[in-house]
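Student: Hi! Could you walk me through this fold?
Tutor: Happy to, let's look at it together.

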Amino acid sequence: MMKHNENIQIICSSLATMGLVDVGESLQEQLSHKTKDDMVAIIALVLKEMAVQKSEALAERLIKRSRMGSPSYMADLWRYEQRELDLELIEELNNLHFIREKRNLVIWGAPGTGKTWLANSIATSACKAGIRTRWVKFPVLYRELVRLKNKDSQTLESKIEYYAKFPLLCIDEFPNTDIEDNYLLQEFFDRRAIANTSTLVCSQSNPEYWQHLFPIKSFGESIKGRLLQNASRLEMKGPDLRLGNTEE
C-alpha cells in the first residue's frame, strides 16, 4: 500500500511540474482510495476526461480570439438539392487537410449562397483542432492597413507580421471596397505567401476575374496568383438562403 501511495504522489507531482496541477489533484482524489489493480484504468479515464475538457477550453479561447463571432457547425449544413453542394469536397475541407498542407481555400458565389457560413464552420473546426485562426472582413482589413501606413510605418510592419503568422487567416467580402493602394495589398499577400500559411477567402466574384477588380490590373494579377496558387476552390450555388427558400 505504501508503494501504491508513493506512485500516486510521483504521478501527481510530475503532472504539477508540467503545469497540470488540476489533473494531478483530480487523479489524487480518484486514486487515493483505490487498489493498485484499479490504478491504470482510473488514470486512463481521468486523463481522457481532463484532455477533453482542456481541448474544449482551448477551442473556446481560439474561437473568441479569432473574432469570427458566433461559431457555426458543419452538422447544421443545409444539404437540399437546389444548392448543388459538393459534399465530398466540403467534408475534405472540413477535415482541415488544406491547412496542414499549407494550401489556400477560395469560396465564391452569389450573395446569400452560404459562403460566409461555410467559411465560419471551417474556421470553427480549425479552432476546435487547436489551430490559431483569425477572421477579418476585407474592407475592414484594408482600411486598417491604410490607416497604419499613413500613421506609423513601424506599427504597420508589426500588423502585417501579425496577420502573416496565423496558420489560418479567413478573409470575408474580398475584395469589396475601393482599392487605391495596390502596393500595400501586394505586400500584405506576399508576406502571407512567404510565411507559408493558409488563407481562406470568401468572394462574390469568380476568382478567375479578380484582376479586373483592382485599379492596376498587374497588381490584381499578382495578388490573384498568390491566393490561387495551390488553392482549393469551391463555388456556392443555389437560392439566396437569407430568403428562407429551403424547399427540396
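Tutor: On the face of α4 turned away from its buried side sit the exposed residues E88 and E91. Exposed means over 50% relative accessible area, buried under 20%, and partly exposed in between (1.4 Å probe, protein chains only). Helices (H or I, at least four residues) and strands (E, at least two) are DSSP runs, numbered from the N terminus.

Student: Before we go on, what kind of model is this, and what are the ground rules?
Tutor: This is a predicted model, where local features need pLDDT of at least 70, side-chain atom pairs count only at pLDDT 80 or more, and totals for chains, interfaces and linings use all residues. Residues are numbered from 1 along each chain as its sequence is written, and side-chain values use heavy atoms, with hydrogens and water left out.

Student: Okay, which residues of α4 are buried?
Tutor: L89, I90, L93 and N94. Seen down the axis of α4, these buried residues fall within an arc of 135 degrees, so they line one face of the helix. The arc is taken over the directions from the helix axis to the C-beta atoms.

Student: Why do residues three or four places apart point the same way in an α-helix?
Tutor: Because an α-helix has 3.6 residues a turn.

Student: And what do the buried residues of α4 pack against?
Tutor: They pack against α5, β1, α6 and β5, with contact meaning heavy atoms within 4.5 Å. After α4 comes L96, whose phi is positive, near 70 degrees.

Student: Switching to the sheet: in what order do the strands run?
Tutor: Five strands form an open sheet in the order β2-β3-β4-β1-β5, and the pairing is parallel. Two strands pair if DSSP finds at least two bridges between them. β2 (133-137) and β5 stand at the edges, each with a single partner strand, so one side of each has no neighbour in the sheet. The twist averages 15 degrees from one strand to the next; axes are lines fitted to C-alpha atoms, for helices over the stretch in contact, and angles run from 0 to 180 degrees between N-to-C directions.

Student: How is β1 tied to β4 and β5?
Tutor: β1 pairs with β4 in the parallel sense over four bridges, and with β5 in the parallel sense over five bridges. I107 stands opposite C202 in β4, while its bridge partner in β5 is L234. L105 stands opposite L200 in β4.

Student: Is β1 mostly covered or mostly open?
Tutor: Mostly covered: five of its five residues are buried. L105, I107 and G109 point one way from β1, and V106 and W108 point the other way.

Student: Which residues touch the most other members in the largest nonpolar core?
Tutor: Of its 28 residues, those are I107, L118, I122 and L200. A nonpolar core is a set of buried Ala, Val, Leu, Ile, Met, Phe, Trp, Tyr and Cys residues joined through side-chain atoms within 4.5 Å. α6 (115-128) gives the most to this core, with six residues.

Student: What about α10, what is buried there?
Tutor: F219, G220, I223, K224, L227 and L228 are buried in α10. Seen down its axis, the buried residues of α10 fall within an arc of 150 degrees, so they line one face of the helix. What covers them includes β1, α9 (182-195), β4 and β5.
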